[in-house]
Amino acid sequence: MDFGDAVGALVLAAGKGTRLKSETPKALVPLLEEPLLFYPQASLQVLGLARRAVVVGHQADRVRQVLACVDPEAVPMEQVELLGTGHAVQSCRSWWKELEHLLILPVDTPLLRPETLRLLLEEHLREDNGCTVLSFTPPDPKGYGRILRGARGVSIVEERDATAEQKAVGECNSGIYVFRVAALDAVLPRLGRENAQGEYYLTDVLSLLAQEGEKVGVRQADDDVEVFGINDPFQLAEATDHLRRRILFRWMGQGLKCVDPSSTWIGPRARFGADVWLEPHVQIWGASEVGAGSRVGSFSVLVDSTLGHGSVLLGPVRLQHSCLGAEVQVGPFAYLRDETVLADRVHVGRFVEIKRSSVGEGSKVPHLTYLGDATVGRGSNIGAGTITCNYDGVRKNPTVVGDGCFIGSDTMLVAPVEVGDGAATAAGSVITRDVPPGALGVGRTRQRNVEGWRDRPRRGEKGGQETCPQD
Ligand code: UD1
Ligand code: CA
């Protein structure tokens with residue numbers, strides 16, 4: 001169903017998240033390396049609800065900044081004083097008053113699937129309700145508002161305000177509702193705050209609607225887990241575990257070979273080509289992508305990085321904001337970061353760090369190397385122990401190595417410096433001046449041998465002298 005422009009969605013994200021005991025506002029608390037705010041916004045986008053707003057309040061500027069990345073099309077609305085969920089909705093009336101229906105959801109139910117929201121919306125429209133609330137029956141209802149179905153219709157009582165008899169009710173409020181805007185607007189100003197928390201509760205709107213003769217529907221969630229709310233560190237851990245397995249199993253269903261699901265972590269934005277293998281203890285976060293037929297070795301971590309098809313990471317390897325071509329081989333013990341780009345068939349080996357550099361097709365960086373702010377051409381070989389001395393204490397300077405170069409072992413490339421196509425450097429050189437194409441750069445002292453040194457008398461011995469004579 002296309003909900004068009006008449007239905008909008010409002011995410012309540014102004015709260016502090018007091019029970020999480022964190023400096024980070026609840027909307028920004030990370031779950032599988034994404035802020036909680038990411039999850040409702042992603043579901044609403046899948047659902048095709050184009051009109052989206054988020055209520056921000058506690059540390060509003062920080063939340064607004066993250067929202068601009070997570071969902072640039074969503075409108076941030078500020079709740080200046082945090083006086084409860086009803087007050088949060090009222091404080092952005094200017095945004096929703098022109099809509100016909102308003103879907104409201106909290107920022108802290110990341111397991112919710114778009115399909116569940118779709119069914120809720122469809123039922124609401126079909127039944128022509130003033131409000132439709134999504135309920136669920138968790139194994140332990142503690143902390144949730146209870147759904148009461150009385151003679152005068154449906155109402156919700158918060159646990160802190162509930163009688164023992166009301167607390168015995170198992171059906172709970174998910175905090176997810178759809179309202180007909182005209183109905184909501186008529187009763188919202190009448191909310192009071194005579195309750196245990198002294199807040200304007202959105203939940204009280206339901207009994208007010210019933211008094212107005214509006215139809216209030218309750219839709220039961222098919223799966224309790226989906227509306228699991230995160231209020232404390234225990235719930236954060238439980239939700240993380242559920243979501244981790246859901247994401248993993250979805251990819252395994254599409255052919256991902258995950259050798260040890262119990263130790264594998266994949267974020268919600270990661271993507272995989274066909275027949276990828278993940279060894280135990282792999283983490284893949286952010287907008288990372290692993291190409292078809294690639295293998296990611298144990299203890300590797302990918303953050304916002306892509307790996308082309310047919311590639312192998314011999315773990316552990318850390319890729320951060322880097323882009324690797326097809327059929328590359330990297331590791332073990334390599335760290336590639338800050339927009340590093342490896343072209344196809346590049347080989348990066350043991351104990352190598354590459355920062356903000358590009359390495360051309362077929363080039364090799366096999367051992368013990370640091371490349372920073374460097375551009376390496378095609379088919380070049382960077383010898384063991386090569387270091388780009390890219391930082392002069394003030395600035396980062398570039399190093400350029402052309403095509404088909406041979407950089408001798410233990411070369412120090414003191415940037416800014418350029419090694420032309422087909423050029424070489426002698427092992428152990430400190431290269432401070434450009435090396436022209438085809439030339440050999442030698443930057444080291446000439447060796448001299450001290451003949452008969454072993455048999456000379458040593459210091460302390462009769463006639464002895466310096467162990468290593470100066471001339
Ligand atoms: C709320 C419901 C409860 C339901 C539960 C489901 C109310 C009064 N209670 O309780 O019936 O069972 O969700 O998880 O609604 N927020 C604001 N501004 C505020 C206060 C809260 O934006 O002034 C936001 C929070 O950031 C959060 C959402 O509203 O995303 C819900 O608030 P929270 O404090 O988590 O409510 P619960 O106690 O969980
Ligand atoms: Ca909550």
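1. In this predicted model, the lining of the second largest cavity comprises 6 nonpolar residues, 2 polar residues and no charged ones. The residues concerned are Y39, P40, S43, L105, P106, T109, P110 and L112. The volume of this second largest cavity is about 30 Å³, and the structure contains 2 cavities of 30 Å³ or more.

2. Which elements each supply at least two residues of the lining of the second largest cavity? They are α1, spanning residues 38–47, and β6, spanning residues 101–106. The most is given by α1, which contributes 3 residues to the lining of the second largest cavity.

3. Helix α1 also packs against helix α5, residues 114–127. Two packed helices are described by the angle between their axes and the distance between the axes. For α1 and α5 the angle is about 60° and the axes lie 9 Å apart. Angles from 65 to 115 degrees count as roughly perpendicular and those under 35 as roughly parallel; α1 and α5 are therefore oblique to each other. Their crossing is right-handed.

4. Which residues of α1 meet α5? On the α1 side they are S43, L44, V46 and L47, and on the α5 side their partners are P114, L117, R118 and L121. By class, the residues of this contact divide into 6 nonpolar, 1 polar and 1 charged.

5. Two or more residues of the lining come from each of α1 and α9, the latter covering residues 233–253. The largest share, 7 residues, is that of α1.

6. How is the lining of the second largest pocket divided by class? It has 11 nonpolar, 3 polar and 5 charged residues. The lining of the second largest cavity, by contrast, has no charged residues.

7. Most residues other than glycine have a negative phi, and most peptide bonds are trans. K21, which is not a glycine, has a positive phi of about 50°. K21 is located in the loop between β1 (7–12) and β2 (30–31).

8. Where are cis peptide bonds found? One joins G315 and P316, with an omega of about -10°. P316 is placed in the loop between β21 (312–313) and β22 (317–320). Another joins G331 and P332, with an omega of about -5°. P332 belongs to the loop between β24 (329–330) and β25 (334–337).

Key: Residues numbered from 1 in each chain as written. Chains lettered and ligands numbered in written order. Predicted model: local features only at pLDDT ≥ 70, side-chain atom pairs only at ≥ 80, totals over all residues. Heavy atoms only, no water. 1 Å grid on protein atoms, 1.4 Å probe; cavity = no way out; pocket = protein on both sides within 12 Å on 5 of 7 lines; lining within 4 Å. Points joined across faces, edges and corners; volume = space filled by probe spheres on them. Helix = DSSP H or I, 4+ residues; strand = E, 2+ residues; numbered from the N terminus. Nonpolar A, V, L, I, M, F, W, Y, C, P; charged D, E, K, R; others polar. Axes fitted to C-alpha atoms, helices over the stretch in contact; angles between N-to-C directions. Parallel < 35°, antiparallel > 145°, perpendicular 65-115°, else oblique. Left-handed = near helix turned anticlockwise from the far one by under 90°. Contact = heavy atoms within 4.5 Å.
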